[in-house]
Amino acid sequence: MLNLKKTALAVIALGSTAAFAGTMGPVCSAVNVTVPCETCAWDVGGRALYLQSGANTGTQSFTLTQGTNRYQGGVSPQWGWGFQLEASYHYSTGNDMNLNWYHYRNTTTNTYGGPTLNFTQPNNNQYSVISASSSASPQWDQVNIEFGQHVDFGENKFARVHGGFNFSRTAVSGTGVFNGTDQIANPTNPYRVNATKNYSSTYNGFGPRVGMDLNYEWGNGVGVYADGALSVLAGSSKSSVVTSDALIPARNNAYSSSQSKVVGELDAKVGMMYTYAMAQGDLSLDVGWVWAHYTNPTTELYDFNTGNQNGFEESFGIQGLYFGAKWVGNVA
């Protein structure tokens, strides 16, 4: 009986060992991290940008209301075209030096031409508005000089780690104008009123930049990527505003401000790329979305509606679609 029990226990133990062995998962293996073989090449490329700025310029112009009729004189900047140009030199084992430039300019205008609105100013003077308009003009330039290192993670994944310098210029300007007739000073023969506000603010900054580009290749020349970078910029911020108002002479003023500022900048891209191998180099086509954000580079000096000199800071942001091409050729 004792031998029978020992035999049964041995069979159970062997069966359990076999069962556990059968449930083991695949064995993991480390993937080598490598750099490309030594090469020498250069590339040039360009992209069309279709962007919208989040700059808050022009939104304090005029609000005119009579009953259900309403005219909001502020302007939200609309979508507009820009471009990006870049050139790179590739050398050694995955090293590169890249120069790229983003450029964007756009003007949006909002106009009102009737019907005539009766409007009351904060001083209780009333007039009939005949026409009004306001405009917003955001501007953006960013020039990056990057020194990168290409690193491969297996066959279809690679990254580019880079550091360098960033020069940026952000600018916002706005204009508000309305024309009307005074209804109180001389109701039988009202005089003409013209009120304007011209505002501009510019930031120029330079500083270090670091980032990483992540890429995944699906095969047959198709891949996706996500890029991100951070900069810390030191520079100068200048703002000015000129106002005039025939109804409130105290608002006929000019203000200006100039100060040094340290600004944080963050930008990112996600996109898809197709690369076609040619007899003389490779041609890459890509499309994606880009974001850029600057933390409080400019200062708003004056609120036309209240007549207050505020001095509050404003951020500058921009985003949108891009598409373009790049050609890479080996140096013989």
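Colleague: Is Arg 105 buried, partly exposed or exposed?

Modeller: Arg 105 counts as partly exposed, at 33% relative accessibility. Buried means under 20% relative accessible area, exposed means over 50%, and partly exposed is in between, with a 1.4 Å probe and protein chains only.

Colleague: Before we go on, what are the ground rules?

Modeller: This is a predicted model: local features need pLDDT of at least 70, side-chain atom pairs count only at pLDDT 80 or more, and totals for chains, interfaces and linings use all residues. Residues are numbered from 1 along each chain as its sequence is written, and side-chain values use heavy atoms, with hydrogens and water left out.

Colleague: Back to Arg 105. Which residue does Arg 105 meet in a salt bridge?

Modeller: Asp 141, at 2.8 Å from N to O. The pair links distant parts of the chain: Arg 105 sits in strand 6, Asp 141 in strand 9 (residues 126-153), 36 residues apart. Asp 141 counts as buried, at 10% relative accessibility. The rule for a salt bridge is a side-chain nitrogen of Lys or Arg within 4 Å of a carboxyl oxygen of Asp or Glu. Strands here are DSSP runs of E with at least two residues, numbered from the N terminus.

Colleague: How many salt bridges does that rule give?

Modeller: Nine. Arg 47 takes part in one with Glu 86, where the closest N and O atoms are 3.5 Å apart. Arg 47 is in strand 2 and Glu 86 in strand 5 (residues 80-91), so this pair ties together parts 39 residues apart in sequence.

Colleague: And what does Asp 286 do with Arg 47?

Modeller: Their side chains form a salt bridge too, at 2.9 Å from N to O. Asp 286 lies in strand 14, Arg 47 in strand 2, so the contact ties together parts 239 residues apart in sequence.

Colleague: Are Asp 286 and Arg 47 buried or exposed?

Modeller: Both are buried. Glu 86 is buried as well.

Colleague: Which residues are linked in a network of salt bridges?

Modeller: Asp 96, Glu 146, Arg 160, Arg 209, Asp 213 and Asp 267.

Colleague: Switching to rings. How many aromatic pairs turn up?

Modeller: A search of the whole structure finds 10. One is Trp 42 with Trp 327, edge-to-face, 5.4 Å centre to centre and 75° between the planes. Trp 42 belongs to strand 2 (residues 41-53) and Trp 327 to strand 15 (residues 312-330), 285 residues apart. Rings of Phe, Tyr and Trp (its six-membered ring) pair if their centres lie within 6.5 Å; planes under 30 degrees apart are stacked, over 60 edge-to-face, the rest tilted.

Colleague: How about Tyr 89 and Tyr 91, what geometry do they have?

Modeller: Their centres are 5.7 Å apart and the planes meet at 15°, so the pair is stacked. Tyr 89 is partly exposed at 36%, and Tyr 91 is partly exposed at 32%.

Colleague: Which residues do ring pairs link into a cluster?

Modeller: Tyr 50, Trp 79, Trp 81, Trp 289 and Phe 323.

Colleague: Last topic, the largest nonpolar core. Which members touch the most others?

Modeller: Leu 51, Trp 140, Tyr 294, Phe 316 and Ile 318, out of 19 residues. Elements giving two or more residues to this core include strand 2, strand 6 (95-105) and strand 15. A nonpolar core is a set of buried Ala, Val, Leu, Ile, Met, Phe, Trp, Tyr and Cys residues joined through side-chain atoms within 4.5 Å.

Technical notes: Helices (H or I, at least four residues) and strands (E, at least two) are DSSP runs, numbered from the N terminus.
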